[in-house]
Amino acid sequence: MAGINRVSGLATGMDIDQIVKDMMRGHQMRLDKVWQDKQIWQWRQEDYRSINTSLLSLRSKVFDLKLQGTFQARRAVSGDESLVTASAGSNTPVTSYQVKVTQLATVATNSSSDPISDGTIDPNASLWSQKDKFLGNFGWGEDHTFSFTIKVDNQSHTINVDGDTETFSSLIARINRECGVSIFYDPSVDKVSLSTHKTGDRQEGKEIQVDGGFLTDVLKINPLNEKGGSDASFEINGLSGLTSHDNTYTVNGITLNFKEADPDKTVTVSIEQDIDRMVDSIKGFIDKYNEILEGVNKKLYEERFPSYRPLTEEQIRDGGLTDRQIDAWEEKARSGLLKGDTILSGALSEIRAALSGIVQGITDQVTVTRGFEEYTRAADQLSVIGITTGYYQERGKLHLDEKRLREALQSNAEAVMNLFTRTRDADGNEITDPAQKGIAVRLYDSVNNAMSRITRQAGSAGSLYDDSYISRTVRQIDERMVRMEDQYLRLEERYYRQFTAMEQAIATLNAQSMWLTMQFMGGGQ
């Protein structure tokens, strides 16, 4: 077909290209319709995958509610945070401690015993250029270099110095960075000060060990002048003589942080249930659930506009549409692609059932207020702790009575925990009946099931090979389009071949007619 010459109206004066295009219009419309069908399937696939991404974030929130640690959150409250602060992990016993800090842990320090220079050194000039301004012996080598070693907490650090490029400031910075100590130079007294990073009495006054040369001769650091670090000294609940290298101490899951020492004052540190954190976890789940529920319901009830098909390239090119008009058209074309979708509606029904059902077998009770009266009942469904659904028109939206939730947690946080996390019965046996599992446990399974069904329908963007229903459908459409495009080209070529033959025949007739005319005109002379 590539070798056939197309003659376009030279003999007839006809616009053959336009005629063929008009004759092919019906075939082009069928091809465009198949492409539009493919585009609709791809848009539908994108919508499914977007919902799956939302469900993944919901599953993360539900997973947190499956963990018992979420309902065992603790907080530590100090009676005087200027002296002691504290933090508590999950399962820390609810109790209190009497803490007295008699001494804070300190770092080991040392400093120059005498001035180190004539008082005119430039910290930013090279050491070699002002070597004579320092009062000590660097131990220079022939190539203007020297080295020294400092040992901190039994770990040695050797610094090699090039006096032509190293300045006093850059050397101080290197010691701070590489040697495990803090050092600074104060020009007002012309001395340096050293201190360890770690607190505590670790080497009995020998935390900072220096060799001869630069440290002792130039910086005037006398090892005998070191002030060793001290340990923190404190007592807890009357138990005295406790020490720590650091200003922290952990006991029974609570970490105490010592801020100041006051041997005359005892600080009460109380461990309490962190109701705020538990409430925040539940509120975070409800907010995420309602957000996703609204998004899915929007897709299920979104209006469909069947007459708005995806715009083809030709329609965009020849239609004179603005970008705004194109976006508005596409918005209608994409609307309602999942309207009434059975996969989504089935997933929502299963999720709602997991939330609204009673957890059978739970007997643990909570006490909450209803009106002006308190009542006690088993925490076997969400409504007991203040989580309910609204009107039918809200299609399952959850509402939270935070006051009732807090009351339930304060009265029996373990009962609320079982409502969400229950996987074993009172005898410790694994529960197999979904009706007896905790709300978060069965909800997690329901969300997983929904995600699996959507993945089977629409696949996932990150998979190497997508064998979902929609992907298979799109591949079948692609194969059909290849066949249709091949048929299109063959038919178009056939039309051009026919018109070319016609043009050639007419051209021959025209030539013969001209010859005859010439003959007649010649014969008349």
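User: Hi! Is Arg406 buried, exposed or partly exposed?
Analyst: Arg406 counts as partly exposed, at 23% relative accessibility (buried is under 20% relative accessible area, exposed over 50%, partly exposed in between, with a 1.4 Å probe and protein chains only). Keep in mind that this is a predicted model, where local features need pLDDT of at least 70, side-chain atom pairs count only at pLDDT 80 or more, and totals for chains, interfaces and linings use all residues. Residues are numbered from 1 along each chain as its sequence is written, and side-chain values use heavy atoms, leaving out hydrogens and water.

User: Which residues are joined into one network by shared partners?
Analyst: Glu46, Asp47, Lys299 and Arg334 are connected that way through their salt bridges.

User: And how many salt bridges are there in the whole structure?
Analyst: The search finds 23. One of them pairs Glu272 with Arg75, at 3.2 Å between the closest N and O atoms. This one also links distant parts of the chain: Glu272 belongs to strand S14 (residues 267-273) and Arg75 to strand S1 (residues 74-78), 197 residues apart. Glu272 is partly exposed at 30% relative accessibility, and Arg75 is partly exposed at 35%.

User: What about Glu166, buried or exposed?
Analyst: Glu166 is buried, at a relative accessible area of 9%. Its side chain meets that of Arg174 in a salt bridge, 2.8 Å from N to O, and Arg174 is buried as well, at 17%.

User: Switching topic: which residues touch the most other members in the largest nonpolar core?
Analyst: Leu55, Phe285, Leu355, Ile385 and Phe420 do, out of 57 residues in that core (a set of buried Ala, Val, Leu, Ile, Met, Phe, Trp, Tyr and Cys residues joined through side-chain atoms within 4.5 Å). Elements that each supply at least two residues include helix H2 (25-66), helix H8 (342-356) and strand S15 (365-370).

User: Nice, and where does the largest share of this core come from?
Analyst: From H5, which gives 11 residues.

Terms used
Helix = DSSP H or I, 4+ residues; strand = E, 2+ residues; numbered from the N terminus. Salt bridge = Lys/Arg side-chain N within 4 Å of Asp/Glu carboxyl O.
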